[in-house]
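My notes follow the model itself.

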Amino acid sequence: MKLLLTGCTGFIGRELIPLLIKEGHSLTIISRQSKGKLKAIANDQNINVITMNPAESSSWNKKEIQESLKSCEGIINLAGEPIAEKRWTTDHCKEITNSRIETTKNLIENLRNLRKPPKVLINASAIGFYGSHPQTEFTEENIQGDDFLANLCKEWESSAKNKPRATRLLIVRIGIVLAKDGGALGKMLPIFRAGLGGPIGDGKQWMSWIHRTDLCNLINESVKNSAWSGVVNGVAPNPVRMNEFSNSLGQALGRPSLLAVPGPILKLILGDGARVVLEGQNVKPQRLKKLKFKFSFPTINDAFKAILA
């Protein structure tokens, strides 16, 4: 298929793009980075790169993007500023919001103007949709929470739902994505390798995670399988508490997991963004089970073993 990708030049895209190329798709990638910076990607003959900021509505007037929209058969929209990497200042919260909401709104508006819209839209969301709770087990049936992230996810998903009637929509509420070259684990590995790692906060908060390979496989499956629509939780079937996560990581590295990172220190560094790590939620992939999706890494030990091999 001819696929149009946004937000796919970072941590997830590093594995997703080679997989989609292997599947025989031809890709047009929208990125704020120049083609020069994306040399490894842009050199592939099956890839076209369009440099633009998708959150700016005027950038969609480019002839190049309009031509790509007319010919594309599927869209994968993963665009969004990282959530737990900086303090949630007013400006950063605006960036977090605009990179998701404005990009998705602009995309949908342009899709609705097409005579022949794409067959499928895979749109990212996050498990932040549910809010956080120490006891509740969340599935796709649960209603949204009521905090900054939950409200952001609701608006993000609502924007995607305005897609053309002929376009099948799958919304993936993504959990903590694990791989060694980025994301939360990428930041934790050097600390744990030095023997200084440990649980963050009280260690009792839930971590609903997914190995990056499983996330890429489920996105790939949803492109080609017309039974996949609506909402799925992009998480492994076995969430763990932070204590277990830290202990498993320490064991996999042959390092102790002793030093807890106090919550107040994290709050000092990340401000409100620390809530993502300190509160957590227990999310289950109920719909993926019904769709008979097979996880390559269903447990945290499986995931760490593969990542650290």
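I began with burial: 51% of the 309 residues in the protein are buried, where buried means under 20% relative accessible area, exposed over 50% and partly exposed in between, with a 1.4 Å probe and protein chains only. I note that this is a predicted model, in which local features need pLDDT of at least 70 and side-chain atom pairs count only at pLDDT 80 or more, while totals for chains, interfaces and linings use all residues. Residues are numbered from 1 along each chain as its sequence is written, and side-chain values use heavy atoms, with hydrogens and water left out.

**Overall form.** I looked up the radius of gyration, taken over C-alpha atoms, and found 19 Å, which agrees with the value near 19 Å for a compact globule of 309 residues; that rule is 2.2 Å times the number of residues to the power 0.38. The C-alpha trace spans about 60 × 40 × 40 Å along its principal axes. I then turned to contacts (heavy atoms within 4.5 Å): of those between residues at least 6 apart in sequence, 76% join residues at least 24 apart.

**Secondary structure.** I find 12 helices and 13 strands, taken as DSSP runs (H or I of at least four residues for helices, E of at least two for strands) and numbered from the N terminus.

**Salt bridges.** The structure holds nine salt bridges, each a side-chain nitrogen of Lys or Arg within 4 Å of a carboxyl oxygen of Asp or Glu. One of them pairs K224 with E23, with the closest N and O atoms 3.1 Å apart; K224 sits in helix α7 (residues 212-224) and E23 in the loop between α1 (13-22) and β2 (26-31), 201 residues apart. K224 is partly exposed at 49% relative accessible area, and E23 is partly exposed at 36%.

I next looked up K284 and E137, whose closest N and O atoms are 3.4 Å apart in a salt bridge. K284 lies in the loop between β13 (282-283) and α11 (286-290) and E137 in strand β6 (residues 137-138), so the pair ties together parts that are 147 residues apart in sequence.

Which residue does D181 form a salt bridge with? The partner is R212, with the closest N and O atoms 2.9 Å apart. D181 is partly exposed at 37% relative accessibility, whereas R212 is buried at 8%. Salt bridges that share partners join R14, E15, D181 and R212 into one network.
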